[in-house]
Each structure stands twice: as C-alpha cells, then as structure tokens.
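Good morning, and thank you for the time. Please have the sequence and the model in view.

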Amino acid sequence: MDKKKQARLVTLLVAAVLVVDQVVKILVKTKMQIGEDIPLIGEWCRLHFIENEGFAFGMSMGGATGKVVLTLVRLVASVVIAWLLARLVKNGTRNSLVVSLALVFAGAVGNLIDSCFYGLIFNESYYTVASLFPAEGGYAPLLQGKVVDMFYFPLFEFDWPMWVPFVGGNHFEFFNAIFNVADSAITIGIIWLIVDQFFVAPKYKKSDDNAEAVKEI
C-alpha cells in the first residue's frame, strides 16, 4: 500500500478506536454508578461498571505514588509504540504489522487518557452518577485517574464438585474479566501481531528471498 494511504489508514483506525472508547466510557461514567449492572443479551452479556485502580484485573501498586508511576510508564510505552509505528509506516512495512501495532497504540492511549485526566474532569461514581467537569472539581489530581471498565461476558458458571482436589466446592465463572474498548483493541492487536509474526512474516521473507534469487540469476 502507498505510504500516504497507509498513514491515513493508521490515523483513521486509531481515531476510531479512541472516539468509540471515550464515548462509551463517558456515557457509562455519567449514566451509571459503580457496581451497577445492565443486561444487554440475557445474563451472559452485560454492562457492569467498575473502575480499575491500576494494572489489569484490578491490581494496583503503591497508592498515589504508584498510580503516578504506572501512568508515566503507560505514557512512555505509548510514545515508544507511536515512534515504532511511525518508522514502520515510513519504511512501507506490510499492513498486517502496522495495523496490529496501531490497535495496540490506540488501546494504550485510550486507557492513558483515563489515567491522566479522568480524575480531573469527573467526580466519584460511588452511590451517585458522576458529572463531567463538576463545579467542586474532580476526584483525583493529574495522572491519578482510574480506568473505566464495563463489558462483562460471564458465558457460563458452575460450582466444582466437592470431590475435585483443591477447588472442590468453589464457584467457577468462565471469562469473568471486565474490560473496555481500549482493552479489546490491545488484545486484538497483540493476537494479530502474533499471527503476523508466525504466519504472515515468513511468507514475506520467502517472497523477498525469491526476489533476491531472481536478481542474482
């Protein structure tokens, strides 16, 4: 693909992911309270509003200082991915690799926006629906916002029989992670990147090798 067309593709893809991600998050934040649950398709596809304090799956690190450090790490990672993406587009790298990295970049920036600014522009969502740009100010300083998550797909659940070692009697729920559009973009981008490296890249390398062999002949 032409470099200019590829650059436009990347720009549109990143912009689309960011717009959808932020629109969904703002709607959830301003229409739902923490812990509120809205069924979308039966009980296995729901909106369930939570806020992520730090890493994935609710893990956090070291209070306010740890939160700032984590946000800065996200910022540095986003800058590095942006630099790598720009180089790939400049070099005319195959679309498969560029698109996968564009998805990862868009997802990283989407969650970075929450971490950097949501504490400033929203008040808390506990026991009330949050307001955008509240008069009394936000719930946290710059770089200390929480990431908004909402998509919940508990496809099936059951209780382990008592005779099963270690987990007997425990409740099991398949796919109990709660995530957002940005998380989805990162996951799809990483999977796409793995597929690219194992299946697409070898074909391109073989094609380049054949081209070099023809030139030598």
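Of the contacts in the chain with a separation of 6 or more, what percentage is accounted for by residues 24 or more positions apart? The figure is 64%. Please bear in mind throughout that this is a predicted model.

Let me begin with the fold. The chain has four helices together with six strands. In sequence order, the pattern reads α-β-β-α-α-β-β-β-β-α. There are 217 residues in the chain, and 38% of them count as buried. The accessible surface amounts to about 12900 Å², and carbon and sulfur atoms contribute 70% of that area.

I turn now to the interior. As a general point, nonpolar side chains in soluble globular proteins tend to be buried together. In this model, the largest nonpolar core has 19 residues, and the members that touch the most others are V10, V14, L85, V98 and F105. Which elements give two or more residues to this core? They are helix 1 (3-31), helix 2 (63-90) and helix 3 (95-121). Helix 3 supplies the largest share, with 10 residues.

If we set aside its neighbours within four places in sequence, F105 is in contact with V14, S78, I81, A82 and L85. Two of those partners, V14 and L85, are named with F105 among the members of the core that touch the most others. Apart from this core lies another, made up of 15 residues, including F49, I121, A130 and F151.

Let us move to the surface. A nonpolar patch is formed there by I38, L40, I41, W44, L155, F156, F158, F174 and F175, and together these residues have about 810 Å² of accessible area. Two elements give two or more residues to the patch, namely strand 1 (37-41) and strand 4 (156-159). Strand 1 gives the most, with three residues. Where is W44 found? W44 is in the loop between strand 1 and strand 2 (45-52). Its relative accessibility is 39%, so W44 counts as partly exposed.

Nine aromatic pairs are found in a search of the whole structure. In one of them, the ring centres of F158 and W160 are 5.1 Å apart and the planes stand at 75°, which means that the pair is edge-to-face. F158 has a relative accessible area of 31% and is partly exposed. W160, at 29%, is also partly exposed. Both residues belong to one aromatic cluster, which consists of F156, F158, W160, F172 and F174. Of these, F156, F158 and F174 are also listed in the nonpolar patch.

I close with the charged side chains. In general, side chains of opposite charge can pair when their charged atoms come close. How many salt bridges does the structure hold? There are seven.

Are K25 and D21 buried or exposed? Both are buried. The pair is also part of a network of salt bridges that links D21, K25 and D114.

The second example is the salt bridge between E51 and K29, whose closest N and O atoms are 2.4 Å apart. This pair links distant parts of the chain, since E51 is in strand 2 and K29 is in helix 1, 22 residues apart. E51 counts as buried, at 11% relative accessibility. K29 is likewise buried, at 0%.

Thank you for your attention.

Definitions and conventions
Residues numbered from 1 in each chain as written. Predicted model: local features only at pLDDT ≥ 70, side-chain atom pairs only at ≥ 80, totals over all residues. Heavy atoms only, no water. Buried < 20%, exposed > 50% of the residue type's maximum accessible area, 1.4 Å probe, protein only. Contact = heavy atoms within 4.5 Å. Areas by Shrake-Rupley, 256 points an atom, 1.4 Å probe, with all protein chains shown as cover. Patch = residues over 30% accessible without salt bridge, like charges linked within 9 Å, V, L, I, M, F, W, Y side chains within 5 Å. Salt bridge = Lys/Arg side-chain N within 4 Å of Asp/Glu carboxyl O. Core = buried A, V, L, I, M, F, W, Y, C linked by side-chain atoms within 4.5 Å. Phe/Tyr/Trp six-rings, centres within 6.5 Å; stacked < 30°, edge-to-face > 60°.
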